[in-house]
Amino acid sequence: MPYVIISTQIRLDVGPTVVGDEWSDKELMDYLDATLIKQLGNNYSAQYRTDDAPRIVLEKLEKRNFKLIAMTGVGQTCIWTLHKELSEKEKILSSSSSDAFESPKIENKGDL
């Protein structure tokens with residue numbers, strides 16, 4: 001997983017910080033002490049959230065060799081995009097897996 005997008009709302013000095021969605025790398029989410037949460041009333045996928053402030057999350061990701069490539073503000077939300085170069089082993093594994101970046105299949109259980 002070479003890209004990570006994190007975000008926080010209103011205050012930058014405290015959490016929570018959103019660090020991924022339900023398709024994010026579970027091992028990385030565990031490292032960030034993030035919990036998968038689906039907020040009531042939201043019609044989009046669940047999100048991984050940590051109580052750490054964005055600065056702490058950015059420092060943890062830097063220790064994992066992620067580099068900040070962009071930052072923006074949207075309303076009262078700040079969003080950071082980070083990238084990590086794949087190792088040679090990771091490149092080989094990702095090129096041999098044709099479905100590595102496909103969305104998970106969601107089963108339709110009747111009429112909505």
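Predicted model: local features only at pLDDT ≥ 70, side-chain atom pairs only at ≥ 80, totals over all residues.
**View 1. Asp30 and Lys26 pair within helix H1.** The two side chains meet in a salt bridge, with an N to O distance of 2.9 Å. It is one of 5 salt bridges in the structure. Helix H1 covers residues 26-31. Asp30 and Lys26 sit 4 residues apart in this helix, about one turn. Asp30 is partly exposed, at 43% relative accessible area. Lys26 is also partly exposed, at 48%.

**View 2. Lys60 forms a salt bridge with Asp33.** Their closest N and O atoms are 3.1 Å apart. Lys60 belongs to helix H2, residues 54-63. Asp33 lies in the loop between H1 and strand S3, which spans 35-37. The pair therefore ties together parts that are 27 residues apart in sequence. Lys60 is buried, with a relative accessible area of 16%, whereas Asp33 is exposed, at 53%. The 16% of Lys60 is under the 20% cut-off, so Lys60 counts as buried. The 53% of Asp33 is over 50%, so Asp33 counts as exposed.

**View 3. Asp52 also forms a salt bridge with Lys60.** The closest N and O atoms of Asp52 and Lys60 are 2.9 Å apart. Through shared partners, Asp33, Asp52 and Lys60 join into one network. Side chains of opposite charge can pair when their charged atoms come close.

Key:
Residues numbered from 1 in each chain as written. Heavy atoms only, no water. Salt bridge = Lys/Arg side-chain N within 4 Å of Asp/Glu carboxyl O. Helix = DSSP H or I, 4+ residues; strand = E, 2+ residues; numbered from the N terminus. Buried < 20%, exposed > 50% of the residue type's maximum accessible area, 1.4 Å probe, protein only.
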